[in-house]
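I opened my notebook beside the structure and wrote down each thing I looked up. Here are the entries, in the order I made them.

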Amino acid sequence: MDVNGSDPSNALLIPMNKEEIIAEDRSPRLKKPDWLRVKLPTGKEYLHVRKLVDTHKLHTICESGNCPNMGECWGAGTATFMILGNICTRSCGFCAVATGRPLAIDEKEPERVAESVKLMNVKHCVITSVDRDELKDGGSMIWAETVRAIRRASPQTTMETLIPDFRGQWENLQRIIDVHPEIVSHNLETVRRLTRQVRIQAKYERSLEVLKRLKAGGMKTKSGIMLGLGETQQEVLETMDDLVAVGLDVMTLGQYLQPTRKHLPVKEFIHPDVFAFYKTEGLRKGLRYVESGPLVRSSYHAEKHLF
Ligand code: SF4
């Protein structure tokens, strides 16, 4: 089904595209501070994984997303895979993934991802996906089969699933709960006020509801936001309160970096001391684990969040 086609609830999802959002805000580019410089990945374990990835032409989002933490994550036996293709039905203003009409579902994808996890000897694997709002099941069947396939191929490997909101179709969310990944993430990405600007087809309250239902289903839950999009400190602290209220276990906070000039501009580079303050506050408010720093991405140190 076309995203703008016969399903009226879908038709409401794309009132603006990325360019229209950015056209509203043409502030000058800020100079990157020193604390955002990244070291080139090295280390025995990283180089071993690097060789496997190159030899078998494996695909990870760590690489295609140019993640600054790739060396550290691969060195720790963690890798992130994106499923359900590389074209998304949504058009979040911060995201480098292409927006459009996705290709047909690949039924063999779960086995292929499981094979990559096995070949790379991944100890902890993060799986994420584009949003497939045009599908009735939102891609949840492929999600569930991917978790099962990885379990069959690599029973020792633990998993984090970084899932979409499935447009609030809770039977699709239930498919994730039923396969019981070790931890389930769903990112708020920003504070309540900026949600419409940053992820136009999403709803702040619906994302909180996703996290609440995951918790009620017995999951360990995780969520993250990006900083530097124009949010205030008070709004960040309120977001933490909202996440604590839905029983969240793990929160990540990292600096937003503009992928290209067609994406939302960086409004502010947040100082590492402020990130440290948020970590302290998050723990004080009752979150079990908080990763907070300029280079933190949602799967950063993912293997440590299993507790
Ligand atoms: S839903 Fe996810 S993949 Fe799609 S545009 Fe938004 S952030 Fe990117």
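**Entry 1: E189**

I started in the loop between β6 (183-185) and α9 (195-198), where E189 lies. This is a predicted model, so I keep that in mind for every entry. Is E189 buried or exposed? I counted 23 other C-beta atoms within 10 Å of E189, and 20 or more make a residue buried, so E189 is buried.

**Entry 2: F166**

Next I looked up F166, another residue that is not a glycine and has a positive phi, here of about 50°. F166 sits in the loop between β5 and α8. With 25 other C-beta atoms within 10 Å, F166 is buried. Which residues does F166 touch, leaving aside its neighbours within four places in sequence? I found G138, S140, N172 and L173. I also checked F166 against R206: they are 40 residues apart in sequence, and their C-alpha atoms are 9.8 Å apart in space.

**Entry 3: E134**

I moved to the loop between β4 and α7, which is the place of E134. E134 has 18 other C-beta atoms within 10 Å and is partly exposed. The C-alpha atoms of E134 and R101 are separated by 8.5 Å, while the two residues are 33 apart along the chain.

**Entry 4: the whole chain**

Then I stepped back to the chain as a whole. How many helices and strands does the chain have? My note says twelve helices and nine strands. The chain has 307 residues, and 42% of them count as buried. I also looked at contacts between residues at least 6 apart in sequence: 75% of these join residues at least 24 apart.

**Entry 5: the sheet**

In which order do the seven strands of the open sheet lie? I wrote down β1-β4-β5-β6-β7-β8-β9, with parallel pairing. The edges belong to β1 (78-83) and β9 (289-292); each has a single partner strand, so one side of each is left without a neighbour in the sheet. From one strand to the next, the twist averages 20°.

I followed some of the pairings one by one. Six bridges hold the parallel pair of β1 and strand β4 (residues 124-129). Within that pair, A79 has C125 in β4 as its bridge partner. β4 also runs parallel to β5, and five bridges join them. There I noted H124, whose bridge partner in β5 is T158. Further along, strand β7 (residues 221-227) pairs with β8 in the parallel sense over six bridges. G224 stands opposite T252 in β8.

**Entry 6: covered strands**

How many residues of β5 are buried? Four of its five are, so I wrote "mostly covered" for β5. Strand β8 (residues 250-255) is mostly covered too, with six of its six residues buried.

I reminded myself of a general rule: in a regular strand the side chains alternate between the two faces of the sheet. In β8, V250, T252 and G254 point one way, whereas M251, L253 and Q255 point the other way, and all are buried.

Helix α7 (residues 140-153) lies across β1, β4 and β5 (158-162), and it runs at about 165° to β5.

For a helix pair, I look up the angle between the axes and the distance between them. α7 and helix α8 (residues 170-179) pack at about 5°, with axes 9 Å apart. Angles under 35 degrees count as roughly parallel, and therefore α7 and α8 are roughly parallel to each other. Which residues meet there? From α7 I listed S140, M141, W143, A144, V147 and R148, and from α8 N172, R175, I176, D178 and V179. Sorted by class, this contact has six nonpolar, two polar and three charged residues.

**Entry 7: the ligand**

I finished with the ligand. Which residues surround it? My list reads C88, R90, S91, C92, C95, V97, V130, D131 and R199. By class, the shell around the ligand has five nonpolar residues, one polar and three charged.

How values were computed:
Residues are numbered from 1 along each chain as its sequence is written. This is a predicted model: local features need pLDDT of at least 70, side-chain atom pairs count only at pLDDT 80 or more; totals for chains, interfaces and linings use all residues. A residue is near a molecule or strand if its C-beta atom, placed from the backbone, lies within 6 Å of it. Ala, Val, Leu, Ile, Met, Phe, Trp, Tyr, Cys and Pro count as nonpolar, Asp, Glu, Lys and Arg as charged, and the others, Gly among them, as polar. Two strands pair if DSSP finds at least two bridges between them. Helices (H or I, at least four residues) and strands (E, at least two) are DSSP runs, numbered from the N terminus. Axes are lines fitted to C-alpha atoms, for helices over the stretch in contact, and angles run from 0 to 180 degrees between N-to-C directions. Two residues are in contact if their C-beta atoms, placed from the backbone, lie within 7 Å. A residue is buried if 20 or more other C-beta atoms lie within 10 Å of its own, exposed if 12 or fewer, and partly exposed in between; C-beta atoms are placed from the backbone. Angles under 35 degrees count as roughly parallel, over 145 as roughly antiparallel, 65 to 115 as roughly perpendicular and the rest as oblique.
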